[in-house]
Amino acid sequence: MTQQQTAGGDVRLTGISKTYGSFTAVHPLDLTVPEGSFFALLGASGCGKTTTLRMIAGLEEATTGTVSLGGRDITGLPPYKRPVNTVFQSYALFPHLDVSENIAFGLRRRGIKSVKKQVGEMLDLVQLGDFAHRKPHQLSGGQQQRVAVARALINHPQVLLLDEPLGALDLKLRRQMQLELKRIQTEVGITFVHVTHDQEEAMTMADTVAVMNGGRVEQLGAPADLYENPRSTFVANFLGTSNLIGGEIVSTGGEIVVEAGGGKLTLPSERCQAPATTGGRLLLGIRPEKISLAHADDADAIAAGRNRVTGRVVDSSFIGVSTQYVVESPAGKTLQVYEQNVDRREGLLPGSEVVLHWNPAHTFGLDADQDIDAGAASVEDAA
């Protein structure tokens with residue numbers, strides 16, 4: 001093989017699993033992480049995402065299956081012989097070494113004497129050139145995190161593994177670091193595999209997201225596709241917020257018509273993830289930001305052809321960019337509506353009678369045999 005051929009490649013997990021006695025942490029799993037991609041393993045605590053990452057790193061021995069990198073089986077290799085590096089939430093920087101020496105550590109351990117040029121390039125990459133001689137305790141959390149990334153990248157791994165790397169940071173800094181990590185990955189072009197419980201983090205940073213639940217991959221795809229076309233109630237609830245309305249199918253064809261809450265709602269048949277037969281039941285999903293609200297008195301002004309549900313506002317929260325309403329409706333459990341604060345309007349106070357309306361094309365359909373609340377509790381657990 002040429003050097004170029006061995007220098008990269010997809011990460012392939014084939015039938016990989018992990019059991020501890022009678023407990024299965026990861027069920028047999030086939031997964032391909034494309035070379036040069038930013039790949040996220042997303043899920044709540046205990047879903048198997050960190051165990052999967054540790055099996056790629058060699059820190060956890062797989063019970064079954066193989067790990068290969070660029071077509072080379074690395075399942076039997078110890079961690080130090082695998083062309084991967086891991087960045088942990090704790091960063092694990094050496095407190096007695098300055099930033100430069102922390103970054104140079106891996107090179108010095110391999111007996112490389114001349115490290116100045118490579119360390120300088122890494123300091124530039126993570127934008128810490130002015131901090132080269134500071135000790136870790138003199139840095140902010142975000143700066144420490146960048147030092148940990150630079151220390152891993154200076155070894156030129158084929159894959160960088162990130163285990164909840166932003167978990168210790170406050171919200172504002174975490175959002176800055178999401179963009180920073182994405183910039184670094186784009187610049188160096190190597191494969192990043194990132195474990196997180198944070199849905200926004202996965203969607204902001206990753207090209208591809210694997211949503212894990214109970215040791216299995218529930219759904220895999222681009223963030224926008226997972227969000228717009230969830231295939232299960234777990235993904236619909238865990239990735240953002242979904243309003244799920246149960247109803248009975250009254251007709252099928254180019255569009256499916258469902259009776260729910262005393263009215264009829266439609267969705268395109270291609271957006272239905274379940275078998276649709278007349279008389280059967282279906283869960284209709286609609287994201288809160290896709291819904292518009294009108295006073296009940298203004299219902300006549302709503303354009304024809306839109307899905308409509310009546311309700312009563314029970315709560316509203318102003319959160320800056322939007323106002324979030326909770327609406328009680330005969331269509332089932334309370335529905336959530338996010339309305340952009342473009343024009344500040346008055347009058348939608350708790351108790352207001354309203355009509356929720358939206359474009360039928362924004363509706364998706366799911367199998368009604370699933371737990372309607374699956375994934376919703378996991379979001380709270382993971383936060």
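These exercises walk through parts of a predicted model, each with a worked solution.

**Exercise 1. A strand and its neighbours**

Task: Find out whether the residues of strand 3 are buried or exposed, and which strands pair with strand 3.

Solution: 
- Start with the covering. Strand 3 spans residues 38-42, and five of its five residues are buried.
- Now take the two faces in turn. Phe38, Ala40 and Leu42 are buried on one side, and Phe39 and Leu41 are buried on the other.
- Next, look for partners. Strand 8 (residues 191-196) pairs with strand 3 in the parallel sense, over five bridges. Within strand 8, histidine 194 is the bridge partner of alanine 40.
- Strand 9 (residues 208-213) also pairs with strand 3 in the parallel sense, over four bridges. Here leucine 41 has alanine 210 as its bridge partner.
- Put together, strand 3 is covered on both faces and has parallel pairings with strand 8 and strand 9.

**Exercise 2. Rings that meet**

Task: How many aromatic pairs does a search of the whole structure find? Describe the pair of phenylalanine 38 and phenylalanine 192, then the pair of phenylalanine 234 and phenylalanine 238.

Solution: 
- The search gives three aromatic pairs.
- One of them joins phenylalanine 38 to phenylalanine 192, with 5.3 Å between the centres and 50 degrees between the planes. Planes under 30 degrees apart would count as stacked and those over 60 as edge-to-face, so an angle between these limits counts as tilted. This pair is therefore tilted.
- Phenylalanine 38 belongs to strand 3 and phenylalanine 192 to strand 8, so their pair ties together parts that are 154 residues apart in sequence.
- Check the surroundings too. Phenylalanine 38 has a relative accessible area of 0%, so it is buried. Phenylalanine 192 likewise has a relative accessible area of 0% and is buried.
- Turn to phenylalanine 234 and phenylalanine 238. Their centres are 5.4 Å apart with 10 degrees between the planes, and the pair is stacked.
- These two residues sit four residues apart in helix 9 (residues 233-238), so about one helical turn separates them. Both phenylalanine 234 and phenylalanine 238 are buried.

**Exercise 3. Two packed helices**

Task: Describe how helix 3 and helix 5 pack.

Solution: 
- Two numbers are needed, because packed helices are described by the angle between their axes and the distance between the axes.
- For helix 3 (residues 99-109) and helix 5 (residues 141-153), the angle is about 30 degrees and the axes are 7 Å apart.
- Angles under 35 degrees count as roughly parallel, so helix 3 is roughly parallel to helix 5.
- The crossing of helix 3 and helix 5 is right-handed.

**Exercise 4. Hairpins and a loop**

Task: Follow the chain from strand 16 to strand 17 and on to strand 18, then find where proline 350 lies.

Solution: 
- Strand 16 (residues 307-318) pairs with strand 17 (residues 322-329) in the antiparallel sense over six bridges. Serine 317 stands opposite glutamine 324 of strand 17.
- These strands form a hairpin with three residues between them, and glycine 320 in the turn has a positive phi of about 95 degrees.
- Continue to strand 18 (residues 332-340), which pairs with strand 17 in the antiparallel sense over seven bridges. Valine 327 is opposite leucine 335 in strand 18, and two residues link the strands in a hairpin.
- Finally, compare chain and space. Proline 350 and aspartate 315 are 35 residues apart along the chain, while 5.4 Å separates their C-alpha atoms.

Key. Residues are numbered from 1 along each chain as its sequence is written. This is a predicted model: local features need pLDDT of at least 70, side-chain atom pairs count only at pLDDT 80 or more; totals for chains, interfaces and linings use all residues. Side-chain values use heavy atoms; hydrogens and water are left out. Buried means under 20% relative accessible area, exposed over 50%, partly exposed in between (1.4 Å probe, protein chains only). Two strands pair if DSSP finds at least two bridges between them. Rings of Phe, Tyr and Trp (its six-membered ring) pair if their centres lie within 6.5 Å; planes under 30 degrees apart count as stacked, over 60 as edge-to-face and the rest as tilted. Axes are lines fitted to C-alpha atoms, for helices over the stretch in contact, and angles run from 0 to 180 degrees between N-to-C directions. Angles under 35 degrees count as roughly parallel, over 145 as roughly antiparallel, 65 to 115 as roughly perpendicular and the rest as oblique. A crossing is left-handed if the near helix is turned anticlockwise from the far one by less than a right angle, and right-handed if clockwise.
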